[in-house]
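Please read the following report alongside the sequence and the coordinates.

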Amino acid sequence: MKKIVIIGGGASGMTAAIAAKAQAPEAEVRILEHKDMLGKKLLSTGNGRCNFTNERMEPQCFFSDSPKCVEPVIRRFGTHDTLQFFENLGIMAKSRNGYYYPQPDQAGAVLHVFKMRLRTLGVGIDTNQHVREVRKVRSGFLIHTDENTYQADRVILACGGKAFAVSGSDGSGYSLAGSLGHSIVPVVPALVQLKTAGHPLAKASGVRTEAKVSAYESGHFIAADTGEVQITAYGISGIPVFQISRHVAKALYYKKKAEVTVDFLPAVTAEELTVLFEKRKAGRDIFTMSEFLTGIFNQKLIPCLLKYAQIREGTKVQKVGRTQWKQLVDTCKYLSLQITDTNGFDHAQVCAGGVRLDEINTDTMESLRCSHLYLAGELLDVDGICGGYNLQWAWASGYLAGKNAAK
Ligand SMILES: Cc1cc2nc3c(=O)[nH]c(=O)nc-3n(C[C@H](O)[C@H](O)[C@H](O)COP(=O)(O)OP(=O)(O)OC[C@H]3O[C@@H](n4cnc5c(N)ncnc54)[C@H](O)[C@@H]3O)c2cc1C
C-alpha cells in the first residue's frame, strides 16, 4: 500500500489529500501539520469570507520568475474545476462581479467541508507535528518531526510561504525544499501595505480615496493600479497598493530606489485639470485655497496637498501665481512617495518568490530535483493578484500534486 505524507495542512495540503484519496482510495494518506488545527490561514481569507476563485483566470493574473510554468497548472485545474471541486465538497458558490465566495460568506464553512471530507476518506491527520527534516532514503523518505519519524513512499511539501506566520506558515518549507535540492527565488512580502519616508500625507491618515498608484524602480515604471487607496500613518494601503506591492518589494530587495506616485484624480488628465481649475476660479477669487479645493478632495487631504504644492491654506485664490497652479496640478496628479519598506511578512497576504518553478514538472507537480517529491501552493515561486488567485493556485497545484503522487 502506497504511503503518502503531506507536510502542511493548509489550502494546498488539504486539497492534495483529497485528490490523492480520490485517485487511490487504498493509499495511506497522512497530513502533518505543526499547528493545533488544519487550515488556520484559510479562516482569515477574504476578511473571513474566503474569496476562493475568480471567473477571470488568465496567466497575467499570476507572477513568477518562470511565468511560462504557471499556465499549465491553471489550465489543468481552472475556475470551473475549482467550482466543481467545492460543489462536490458541499459548498454552494456565489459570484460578486466574478469573484467567487461560499454562499454563507464564511471561510469557516470551507474549512468545515474540507475536514468532513478528509474524515470520510480516512485521511490521517497529525497536528502539533513540526516537520524539521525530510530525508530521501532507498525505501522512499524519512520525515522527522520533533516527536516522531514517519516513513513515506511519496512526500508532498505544502508548507506555504512565510506571510502571516501566526497562521503557521513560518518559512520552514523553504529549508525543507532546499535540503532536497531545490533553489529558492528570493522571498519578499506581497499584497501588503507600503511605508514611506517623511510621509507628506501622514495628517490625512484614515482617508480612503479613489486614486491611481504607479510604482517606479530607479525611475522606471514597473506597475500601476487604480481603486480605493487608504492613507495610513506610515504610508499607503488598499487594494491598488496591494496589487503593486510585490513589484515594489522586489525593487527594495534589490536595493533599488522605489517610488510610488499617487494620482488623486485619475479620471482627468493634467491638462483637463488645469482647465478645470481655471474655470473654477470664476467667482471664487476671494476664497482661500483650502476653500477652493473643498468639494474636490477629502477635507483631511486638502492641507496635505496644499503643503506639498507649497501653497498656504489661507492664501486667496487671486494671489496664487501660474507656477503655483502648475505645482498644484502636479501634486494632484503625481504626488510622489519614496517607499522605504513594505509593512513586512506579518502583514502580507502572500509571498512573492519561493521554490523555483522551473525545477518542477508542472504537468504533475513532481520535483525535477528529487523523484517522488511533490510541491504545491505558496511555497512555490508563484503569487497572484488580489481576487481569489492565490487560493486558486493552492487548489490547482495541490490537486495535481495529490493526484499524481497517488498514481
Ligand atoms: C489575511 C489573508 C487573507 C487572504 N485572503 C485571500 C483570499 O481571499 N483569496 C485568495 O485567493 N487568497 C487569500 N490569501 C492567500 C491564501 O490564503 C494563501 O495563498 C493560501 O492559503 C496558500 O495556501 P498553502 O496551502 O500554500 O499555504 P498555507 O495555507 O499557509 O498552509 C501551509 C500549512 O503548512 C503548515 N506548515 C508550515 N511549515 C510546516 C512544518 N515545517 N511542519 C508542519 N506543518 C507546517 C502551516 O502551519 C500551514 O497550516 C489570504 C492570505 C491572508 C494572510
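In strand 9, Phe141 is the bridge partner of Lys136. This is a predicted model, in which local features need pLDDT of at least 70 and side-chain atom pairs count only at pLDDT 80 or more, while totals for chains, interfaces and linings use all residues. Residues are numbered from 1 along each chain as its sequence is written.

Strand 8 and strand 9 run antiparallel and are joined by six bridges; two strands pair if DSSP finds at least two bridges between them. They belong to an open sheet of three strands in the order 8-9-10, with antiparallel pairing. Strand 8 and strand 10 are the edge strands, each pairing on one side only, and from one strand to the next the twist averages 20 degrees, where axes are lines fitted to C-alpha atoms, for helices over the stretch in contact, and angles run from 0 to 180 degrees between N-to-C directions. Strands here are DSSP runs of E with at least two residues, helices are runs of H or I with at least four, and both are numbered from the N terminus.

| Strand 8 | 131–137 |
| Strand 9 | 140–145 |
| Strand 10 | 149–152 |

The domain assignment of the protein chain gives domain 1 (3–188 + 352–405) and domain 2 (193–343), with bounds that come from an automatic or database domain assignment. Taken over C-alpha atoms, the centres of domain 1 and domain 2 are separated by 40 Å. Seven residues of domain 1 are in contact with seven residues of domain 2, contact being C-beta atoms, placed from the backbone, within 7 Å.

The ligand is surrounded by 40 residues, of which Gly8, Gly10, Gly160, Gly168 and Gly377 are the closest; a residue is near a molecule if its C-beta atom, placed from the backbone, lies within 6 Å of it. Helix 1 (11–23), helix 2 (40–44), helix 6 (172–179) and helix 12 (389–405) each supply at least two residues of this shell, and helix 12 gives the most, with four residues.

Cys304 lies in helix 10 (residues 302–308). Is Cys304 buried or exposed? Cys304 is buried, because 22 other C-beta atoms lie within 10 Å, the cut-offs being 20 or more for buried, 12 or fewer for exposed and partly exposed in between, with C-beta atoms placed from the backbone. Not counting residues up to four places away in sequence, Cys304 touches Pro200, Leu201, Lys203 and Ala204. From C-alpha to C-alpha, Cys304 and Val166 are 36 Å apart in space, and they are 138 residues apart in sequence.

Definitions and conventions: Contact = placed C-beta atoms within 7 Å.
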